[in-house]
Amino acid sequence: MNSLLAVAIFEFKRIMTPGRAFWWLVVAAFPVVITLLMSTYLIPERRASVPQQPESIQEIGMMFTFALYVLGPSLSCMLGVLLTSAPIVATELEQHSWVYLATRPNGLFHLLMGKYLVAVVWTASAAILGIALAIPISQIHYKWEALFALTGLAVLSSFAYAALYLMIGTLFHAKAMVFCVAYTAAVELFLGMFPAVVNRMTIQFRLRSLLFRWITVDDNTIPANVIDLIASNETMLLQLVWLAALTAVFLSVALVTVQVREFTTAAESEL
Amino acid sequence: MTSEFLIELNQVTKLYGTVIGVNDFTMQLKPGAYGLLGPNGAGKSTLLNLLIGQLVPTRGDVRVLGQNPRNNMQLMKKIGFCPGFEGLYSTTTGLDWVTLLLQLQGVRSGPARVRAIECLNLVGMGDSMHRPIATYSRGMRQRTKLAQAIAHKPQLLILDEPFSGLDPVGRAELTDVMKQWISEGNSLIIASHVLHEIEALTDSFLLICGGRLLASGTAAEVNELLFDTPTEIEIDCAQPNQLAGLLMQHELACSVVVEPRTHGNDRVRLKTQRAGTLCSQLPDLASQNGLKITRMKSADDSLQALFNSLLRIHRGES
């Protein structure tokens, strides 16, 4: 625990740089800016184009809630952990610092888990700030309900996606970012929306299912049969267990991989 | 598990795809200080990586202090490793970095910092340890690397090219630190491609080339081995043609070339398989025939030439 904490504190100190702070602000500002644009242009425009059928408060609120879910727990968190979690192994190998940690007792476990925790905190904090600033300027009716739901989902999303990207970054460290983006697009965003058994294995599906559990959905706004296609009606506990299990599997694969594989630069320097 | 041997390698081969890194390496070393000598690309780093468990042998068995080094937590506490490349975090300070690596050895934060300061002082980094590593010179980075390797008081210190980038003063200081280390009864394996760097620390050498162990022993033993190995020699002589004739006549050279020089005596460049005999007979030959020899040296006295000779012996070509 001492070692894990040491790595986490050390990494927190290291990421306190102007460059990292800039990207943290970009991740935080992303949902705020889009929400601001939607509030300023999209909604009044839509109201003007269909004056005979004015949007109900609930419908607009639901639209903002889903938009913020996509911007916050989905895209912001994915972007955040893509920047912080995916390159963990590649960065250490490229700057040749890997061997110093690998020759410490459980050094690679502490390295991966310490950096993983930093990635989660870095991403979740930016996403939560973004959501907290975006909700007041949105036209969500149940603001507190949305705030709790979306911040909770941002935390869960950060843990799960950071684990997923850490695993991909460990398996394919040379092109970690490319594989992470490709996997996200193909599996999380495409298959995750597929109304089939396969989408149940995705993080997106579980997060979406929790969203529908944690916010009030008017049956007139989104019919129950539509929700059944894109989310699960299983209990909240089961959704959380699914997310925890996926996270645990991803982390386990990453940790086993660094123990089993030979990550050394000897081959390059020797030959 | 305990063993009387520091290191045991039993028919160890390491392949990178189809390329051989270490080839059928067998040796047993008792605790002590050893110099691992070999030209660049000889397999030194591969061997060291096998010893610290970062590489798994394709074939054979590696034991360090009687244990398999791969993912061995107990053994990692007993080994200090200083790699050949830098790999330091540029934005952090030397003190923070050494402290972190000590904490990863299980030392608590406070004592780790105290010990890190102690070790950085020991390697002459006391004044610079609070500065970011990015501001360090190459030599300062080498010292910082050494500090992290000895900080947890390992039994065995493995150093890969530790003098690289150091100025003569820095080399002397670091040599003193390592001599002190050895005198305290600790073991050391130091890899280098520069012979005199190792000679200052130990007279036990392991000579490797092409992934093979070519020779081992003291400097005297290695010299003895090389006494009659094929070698090229240059002799500056006032009567070069006469000398060339005598060398061929006495079968002391396999080939002789006389090279005219604008300044000084002409040079006789010869190849011989009896260097030892040549050296012992040449003074008599010169005095009996009135030859004036002004200079004599091995034409290929680089370390690579030494290894080429050893490689030929190893292949049975001598």
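1. Basis. The model is predicted: local features need pLDDT of at least 70, side-chain atom pairs count only at pLDDT 80 or more, and totals for chains, interfaces and linings use all residues. Residues are numbered from 1 along each chain as its sequence is written, chains are lettered from A and ligands numbered from 1 in the order in which they are written, and side-chain values use heavy atoms, with hydrogens and water left out.

2. The sheet in chain B. An open sheet of mixed pairing is formed by six strands in the order β5-β6-β7-β3-β8-β9 (chain B). Strands are DSSP runs (E, at least two residues), as are helices (H or I, at least four), numbered from the N terminus; two strands pair if DSSP finds at least two bridges between them. At the edges stand β5 (79-82) and β9 (212-218) of chain B, each pairing on one side only. Strands β3 (residues 33-37) and β8 (residues 204-209) of chain B pair in the parallel sense over three bridges, and B:L37 has B:L207 as its bridge partner in β8(B).

3. A loop residue in chain A. A:N199 lies in the loop between α8 (176-190) and α9 (203-214) of chain A. A:N199 is buried, at 2% relative accessible area (buried means under 20%, exposed over 50%, partly exposed in between; 1.4 Å probe, protein chains only). Beyond its neighbours within four places in sequence, the contacts of A:N199 include A:F194, A:F205 and A:L229 (heavy atoms within 4.5 Å).

4. Cysteines. The structure holds zero disulfides over all chains (a disulfide is a pair of cysteine sulfur atoms within 2.5 Å). B:C237 is buried, at 0% relative accessibility.

5. Salt bridges. The whole structure has 23 salt bridges over all chains (a side-chain nitrogen of Lys or Arg within 4 Å of a carboxyl oxygen of Asp or Glu). In one of them, A:K115 and A:E92 have their closest N and O atoms 2.4 Å apart. A:K115 belongs to helix α6 (residues 107-137) and A:E92 to helix α4 (residues 88-94) of chain A, so the pair ties together parts 23 residues apart in sequence.

6. B:E234 and B:R269 meet in a salt bridge at 2.9 Å, N to O. B:E234 is buried, at 7% relative accessible area, whereas B:R269 is partly exposed, at 24%. Salt bridges that share partners join B:E232, B:E234, B:D236, B:E259, B:R261, B:R267, B:R269 and B:R295 into one network.
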